[in-house]
Amino acid sequence: MQRMQRGLPTKKPIQGVANILLVASGKGGVGKSTVAVNLATAFSRLGRRAGLLDADLFGPSVPRMMNLHAQVETRNGLLVPLTNYGVKCMSMGFLIGDTAPVVWRGLMVMKALEQLIRQVHWAPLDILVVDMPPGTGDTQLSLSQLLPVAGAIIVSTPQDVAVADARKGVEMFRKVGIPIIGIIKNKSRFECPKCRECTTIYSTGPARSFEQLLTEQQISLLADIPIDPAISTDGDTGTPVVVRDPTSVAAQEYLCTAQTI
Ligand code: ADP
């Protein structure tokens with residue numbers, strides 16, 4: 001009622017879904033989808049009923065990253081999600097193919113997203129992870145306003161230019177009243193498997209903007225995932241590191257993060 005009086009859209013829950021968690025980034029390429037896929041899988045490994053919604057309509061990664069390529073069926077007028085590693089997944093890539101380009105205007109995008117959210121047999125789920133489109137545009141804002149979201153996780157590399165965009169994401173979520181659960185730092189360092197020497201990947205600048213963002217906005221660092229060529233291959237083969245190598249540093253970071261949420 002209060003929301004309607006303030007002219008904001010009404011937040012409608014997804015039937016049978018207990019919690020919605022957004023995984024977002026200010027910039028593309030920082031590893032948002034990789035994190036979303038691994039977190040959803042980690043929840044499932046920990047015994048939670050997990051779902052994964054690929055809201056990145058223009059670049060759906062979930063079909064490939066979760067190794068799901070079958071045809072989606074409908075039951076009683078609702079789409080049946082495809083499941084792998086115990087995670088129920090839905091993506092526009094299942095409906096139109098993950099290589100077909102999407103050339104849509106804003107209204108069509110929102111209609112398609114509404115369908116992926118509301119016309120799917122999600123229930124029963126303890127947690128639905130939403131792989132958000134990158135940036136802070138119209139779609140991100142509308143999604144944040146339409147769903148009763150438990151919280152958002154921001155993914156960023158420590159590079160100044162990525163942190164600047166991550167800050168915009170933080171500010172957007174704050175504006176629409178979505179709690180920031182924390183930030184996941186990705187691809188910050190490479191650890192040599194032979195000599196264990198660590199190499200910093202990105203220039204963080206003298207301002208150490210990543211650390212500054214955490215302090216300034218009072219946000220927790222949830223995980224620090226190293227860069228690892230095998231993680232990149234995982235994306236192509238559709239085997240999240242949480243499944244392929246559950247004792248690795250990256251998998252442990254994901255599992256610990258999932259445990260605290
Ligand atoms: P985004 O969703 O932010 O665009 P992706 O998850 O698609 O980013 O990741 C971008 C690229 O970086 C992909 O090739 C992915 O496999 C790779 N990648 C992500 N995280 C890591 C990592 N920790 N180590 C190595 N490669 C990674």
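## Terms and model

Helices (H or I, at least four residues) and strands (E, at least two) are DSSP runs, numbered from the N terminus. Axes are lines fitted to C-alpha atoms, for helices over the stretch in contact, and angles run from 0 to 180 degrees between N-to-C directions.

This is a predicted model, in which local features need pLDDT of at least 70, side-chain atom pairs count only at pLDDT 80 or more, and totals for chains, interfaces and linings use all residues. Residue numbers start from 1 along each chain as its sequence is written.

## Helix 2 and helix 11

Helix 2 (residues 32–45) packs with helix 11 (residues 249–260) at an angle of about 65°, and their axes are 9 Å apart. Helix 2 is therefore roughly perpendicular to helix 11 (angles of 65 to 115 degrees count as such). The crossing is right-handed, meaning that the near helix is turned clockwise from the far one by less than a right angle.

Helix 2 contributes Asn38, Leu39, Ala42, Phe43 and Arg45 to the contact, and helix 11 contributes Tyr254, Leu255, Thr257 and Ala258 (C-beta atoms, placed from the backbone, within 7 Å).

## Helix 7 and helix 8

The axes of helix 7 (residues 160–175) and helix 8 (residues 209–217) cross at roughly 20° and come within 9 Å. These two helices are therefore roughly parallel to each other (angles under 35 degrees). Helix 7 passes helix 8 in a right-handed crossing.

On helix 7 the contact is made by Asp160, Val163, Ala166, Arg167 and Val170, and on helix 8 by Ser209, Phe210, Leu213 and Gln217.

How values were computed:
Parallel < 35°, antiparallel > 145°, perpendicular 65-115°, else oblique. Contact = placed C-beta atoms within 7 Å.
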